[in-house]
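Subject: Structure handover

Hello,

Here is the structure I promised you. Please load it first, then read the notes below.

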Amino acid sequence: MNETFVGMPAFPEAAREALDDTTLRGNLRHATHTIRAKRAATVAEVSDWAELREAGSRIKEHTLRHLDRYLEQLEESVTAAGGTVHWAADAAEANRIVTELVRETGESEVVKVKSMATQEIGLNEALEAAGIRAYETDLAELIVQLGEDRPSHILVPAIHRNRAEIRDIFRTAMAGWGRPAPEGLSDRPAELAEAARLHLREKFLRAKVGVSGANFMVAETGTMVVVESEGNGRMCLTLPETLISVVGIEKVVPTWRDLEVFLQTLPRSSTAERMNPYTSMWTGTTDGDGPRAFHLVLLDNGRTDTLADEVGRQALRCIRCSACLNVCPVYERAGGHAYGSVYPGPIGAILSPQLRGTASEIDVSLPYASSLCGACYEVCPVAIDIPEVLVRLRERVVEGGPAVREGNRVVLRPARGHAAERAAMRAARWTFTHPGALRTGQRLASRARRLRPRTLPGPGAAWTATRDLPEVPAEPFRDWWERTRGGKEETT
Amino acid sequence: MRVALFLTCVNDTLYPDTGRAVVRLLGRLGVDVDFPLAQTCCGQAHYNTGYRHETEPLARHHAEVFGEYDAIVTPSGSCAAMVRELYPRLGERARAEGRGEELAGVLAPVVPKTYELTEFLVDVLGVTDVGAVYPHKVTYHPTCHGLRSLGLGDRPRRLLEAVRGLELVELPGADECCGFGGTFAVKNAGVSAAMGADKMRNAESTGAEVLCAADNSCLMHLGGTMSRAGSVVRPVHIAEILASTEEEPAR
Ligand code: SF4
């Protein structure tokens, strides 16, 4: 995945930075709570939300089951409409294809409309290595790019920045990337937006190559769909001579009609709007209008491996609305960067370890980055049971088992570092299947109750650092029950 | 009707008062509960931490102990959710792994008969006024499993509102997780503590003396947080409030 993210520390450590940063926590809290309330209100307006959610989930599930068929149909439709389809098995292959396509045009710069797939594969870095400069044109992406930062939210990648920080970034960095920020730029939103508009316009008018992602691909017509709020995307899609769209294979839907469901649920779930301001659709090429060449790069990069897991595959239903981030109490406190991926929050916690495997420190820790409170599942417009997938991935971490990696069946071994926990779980299981042993343990605890320590050693220290331990009662319930026959012979 | 009390391992070991309160409360309402001594643990912590295979014998044991009763009552939303939501899933997964119907068959009987305490009172016994007296200012935290997995809705509130002397005050951000989450409290202690502290501050802002919930595990985390911070709010399980009378008042 994105180079800037590898070598990330495990989640609890990565979260510490955000937990200690009160400005950041304030920014996040404010932003997520605002959008959360608005989303709830906009969703409540729709009387058939439950049916829409069910329909969206079913369309996606059906498509995933027959993904090979719909992808072949998509390739045919795109080709028939004058586009060219390329298949990329992984990040390296996708980057190679895009770099080659840009080189063939003879250009050394491209404009980009927000595409998570290109961030997932680290395309900007790959292009830079090939001497090609990529300009982000989505406002939030621009802020991230100018700030030499990393995105921290699916929809609002600069959610962790406040207005004053954005003004400072524009003032210091814009000049290095093109048109400088206007003199005396303030932190008023209108002024900031105008500065970005002027800066970007120059690039739109100059660029010969555009790179985009897509929210949906329609198999029957070969139509690509981008849903956005600013209109910058539309500029990227229509002005350049060559358009290259890099899209994950899970974004296909069978028919044009299916869009109807998602164009209702996506904006309400993501920006809390009844309808998003710009929905751009393009089908191949058209004479005298829009790009003269259109390339679609279909990206796998771990997706078919994910598809092989019957519990985990539901993560591929995701329409990237970011509603789960905005309700997640863990995301709110840990911040988006702690997830070590372009996909943060609850969806990131289940998507990254499936796309990348559970080999790195961060990927092993992500399935535990949740209290399993279920708020993400409740809010998800395609009903992805995120807690269920988290538990499934925890199982993969601690118990290992069969999986598919790069198309091959493998048997994963339990991740290292869980030996003590595994032993404790086994011991607990043994105790719990032997009630006599449980009772002995309870009595020992009762006898040692006066020793209740304020701090515990080992993993227990994580509890006692901020919380007191409960008092151990003099008598466990079962002893009271036996002694008094359920209170009928109460003597004390 | 043969009713069993499934107290849960946490309540049995650390919160026996909650168990005694349930026995007293149900007795007052004419239900004589049995406490099968062979019961241990539903396996929730094992399952949620990823030890599905270690969970299976626990679930099997649980189903064998409770299978013959007509109703199984538990003062724990999360353990009720474990049985109702996740036991069927254990069976399904075993089936998907080619191990047949056996596990599903063993676990199935307890699933529809398991009730969280407030559900049992409202849905099975059909009462909301349980004749309790509790002259305190109380705020209620609906724990995640009760709220979202079981869909307890306003049942606990209706029960609390009918308690004489009790002043119920709204908890800001009530439906947000307290940060316990089982092993999450230790594996991601920093985030867990931040969530707990926010919940505590929200409870304090109501001016309530008591923070009430239907899950002692969440209350253990919040109680530990409040005790360490020297908060004036104290945690009390809803069963103890509902069991409280003038003659035998709860703290
Ligand atoms: S998992 Fe669901 S809620 Fe989260 S971004 Fe994807 S579609 Fe939206």
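Start with B:Arg89 and A:Glu388. Their side chains meet in a salt bridge, 3.5 Å from N to O. B:Arg89 sits in helix α5 of chain B and A:Glu388 in helix α19 (residues 386-399) of chain A, so this pair joins two chains. Side chains of opposite charge can pair when their charged atoms come close. Bear in mind that the model is predicted. Over all chains, the count comes to 56 salt bridges.

Chain A against chain B

How many of the salt bridges run between chain B and chain A? The count there is 14. A:Arg36 and B:Glu176 form a salt bridge across the two chains, with the closest N and O atoms 3.4 Å apart. Polar contacts were counted as well. The interface of chain B and chain A has 30 residue pairs in polar contact, with both residues at pLDDT 80 or more. On the chain B side, helix α11 (residues 189-205) gives the largest share of what touches chain A: eight residues. By class, that side of chain B has 30 nonpolar, 20 polar and 13 charged residues.

Now the overall extent. Chain B puts 63 residues into the contact and chain A puts in 65 residues. The two chains bury about 5,600 Å² between them. Carbon and sulfur atoms account for 59% of that area.

Inside chain B

In the contact, 26 residues of domain 1 of chain B meet 20 residues of domain 2 of chain B. The buried area between these two domains is about 1,900 Å², and 62% of it comes from carbon and sulfur atoms. Which three residues supply more than any other three of the area that domain 1 of chain B buries against domain 2 of chain B? They are B:Tyr15, B:Thr118 and B:Val122, with 23%.

Between domain 1 of chain B and domain 2 of chain B, the count is one salt bridge. The side chains of B:Arg155 and B:Asp123 meet in a salt bridge too, at 2.9 Å from N to O. On the domain 1 side of chain B, the elements that give two or more residues to the contact with domain 2 are α1 (9-14), α2 (16-28), α3 (44-49), α5 (77-96) and α7 (117-124). The residues on that side divide into 11 nonpolar, eight polar and seven charged.

Chain A: domains and ligand

Chain A is divided into domain 1 (46-301) and domain 2 (434-484). The C-alpha centres of these two domains of chain A lie 56 Å apart.

What surrounds the ligand? The shell is made up of these residues:

- A:Cys318, A:Ile319, A:Arg320, A:Cys321, A:Ser322 and A:Cys324, among others
- A:Ile347, also part of the surroundings
- A:Cys380, A:Pro381, A:Val382, A:Ile384 and A:Ile386, likewise

By class, the shell around the ligand holds 10 nonpolar residues, one polar and one charged.

Over to you.

Best regards

Methods
Residues numbered from 1 in each chain as written. Chains lettered and ligands numbered in written order. Predicted model: local features only at pLDDT ≥ 70, side-chain atom pairs only at ≥ 80, totals over all residues. Heavy atoms only, no water. Contact = heavy atoms within 4.5 Å. Buried area = accessible area lost by both parts, 1.4 Å probe. Salt bridge = Lys/Arg side-chain N within 4 Å of Asp/Glu carboxyl O. Polar contact = N/O pair within 3.5 Å; in protein donor to acceptor, adjacent residues only side chain to side chain. Helix = DSSP H or I, 4+ residues; strand = E, 2+ residues; numbered from the N terminus. Nonpolar A, V, L, I, M, F, W, Y, C, P; charged D, E, K, R; others polar. Near = heavy atom within 4 Å. Domains from an automatic or database assignment.
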